[in-house]
Amino acid sequence: MKAAIAEHESNIDLCIHLGDGTREFLFLSEKYPNIPFFYVHGNGEDAFAKGPDAQTVLDLDGYRIFLTHGHKYGVKGGTGNLIYKGMEEECDVILYGHTHLRDNRYIPSDDRKPLYIFNPGSITSPHLGDRASYGIMELTRSGIMFNHIKL
């Protein structure tokens with residue numbers, strides 16, 4: 001996390017953590033007081049890191065973004081419940097963790113908002129032989145862009 005934040009320090013508007021390892025994330029937030037930090041807790045947090053819910057909705061730059069660790073939606077078995085929750089909350093974006101696997105999908109629709117689904121992977125313990133990664137989300141008037149950055 002240190003390397004990722006240091007790499008992008010000059011152009012971070014908000015740094016989001018999607019759970020597990022929140023203790024380290026909170027320590028980093030003290031090192032970078034000019035960057036807003038936001039997190040949801042995961043299922044693997046210690047008592048120090050417990051605090052906010054494991055999910056929330058943020059309204060950023062005209063977009064509704066559903067943040068969750070994902071364990072309460074069974075994402076290791078699929079993202080159907082998570083997608084339904086995102087649609088129920090009328091979100092544009094779902095950001096989730098828990099699986100330690102990267103995900104980047106777009107679900108178009110004719111009768112509701114299209115939906116972006118993004119999992120940055122894991123910066124400390126990726127699964128299935130993948131490399132450590134984190135994500136970048138850019139919100140603009142013309143759309144949303146996601147990138148996975150591998151370490």
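Modeller: Gladly, and please keep in mind throughout that this is a predicted model.

Colleague: How should I decide on its burial: is H17 buried or exposed?

Modeller: The general idea is to compare the relative accessible area with a cut-off, and buried means under 20%. H17 has a relative accessible area of 10%, so this residue is buried.

Colleague: Which residues is H17 in contact with, once its neighbours within four places in sequence are left aside?

Modeller: The contacts of H17 are then M1, T22, F25, F38, Y39 and V40. A polar atom of the H17 side chain also lies 3.0 Å from the backbone nitrogen of G19.

Colleague: Let us turn to charge. How many salt bridges does a search of the whole structure find?

Modeller: The general idea is that side chains of opposite charge can pair when their charged atoms come close. Here, the search of the whole structure finds seven salt bridges. One of them joins R102 and D130, whose side chains meet at 2.8 Å, N to O. This pair links distant parts of the chain, given that R102 is in strand β6 while D130 is in the loop between β7 and β8, 28 residues apart. R102 is partly exposed at 31% relative accessible area, and D130 is likewise partly exposed at 23%.

Colleague: What does the salt bridge between K113 and D92 tie together?

Modeller: The closest N and O atoms of K113 and D92 are 3.4 Å apart. K113 lies in the loop between β6 and β7 and D92 in the loop between α3 and β5, so their pairing ties together parts that are 21 residues apart in sequence. As for accessibility, K113 counts as partly exposed at 36%, whereas D92 counts as buried at 12%.

Colleague: Which residues are linked in a network of salt bridges?

Modeller: The network links D59, R64, K85, E88 and E89. Within this group, E89 forms a salt bridge with R64, and the closest N and O atoms are 3.7 Å apart. E89 is in the loop between α3 and β5 and R64 in strand β4, so far as location goes, and the two are 25 residues apart. Each is partly exposed, with 24% relative accessibility for E89 and 24% for R64.

Methods:
Residues are numbered from 1 along each chain as its sequence is written. This is a predicted model: local features need pLDDT of at least 70, side-chain atom pairs count only at pLDDT 80 or more; totals for chains, interfaces and linings use all residues. Side-chain values use heavy atoms; hydrogens and water are left out. Buried means under 20% relative accessible area, exposed over 50%, partly exposed in between (1.4 Å probe, protein chains only). Contact means heavy atoms within 4.5 Å. A polar contact is a pair of N or O atoms within 3.5 Å; within protein, one must be able to donate a hydrogen and the other to accept it, and residues adjacent in sequence count only if both atoms are side-chain atoms. A salt bridge is a side-chain nitrogen of Lys or Arg within 4 Å of a carboxyl oxygen of Asp or Glu. Helices (H or I, at least four residues) and strands (E, at least two) are DSSP runs, numbered from the N terminus.
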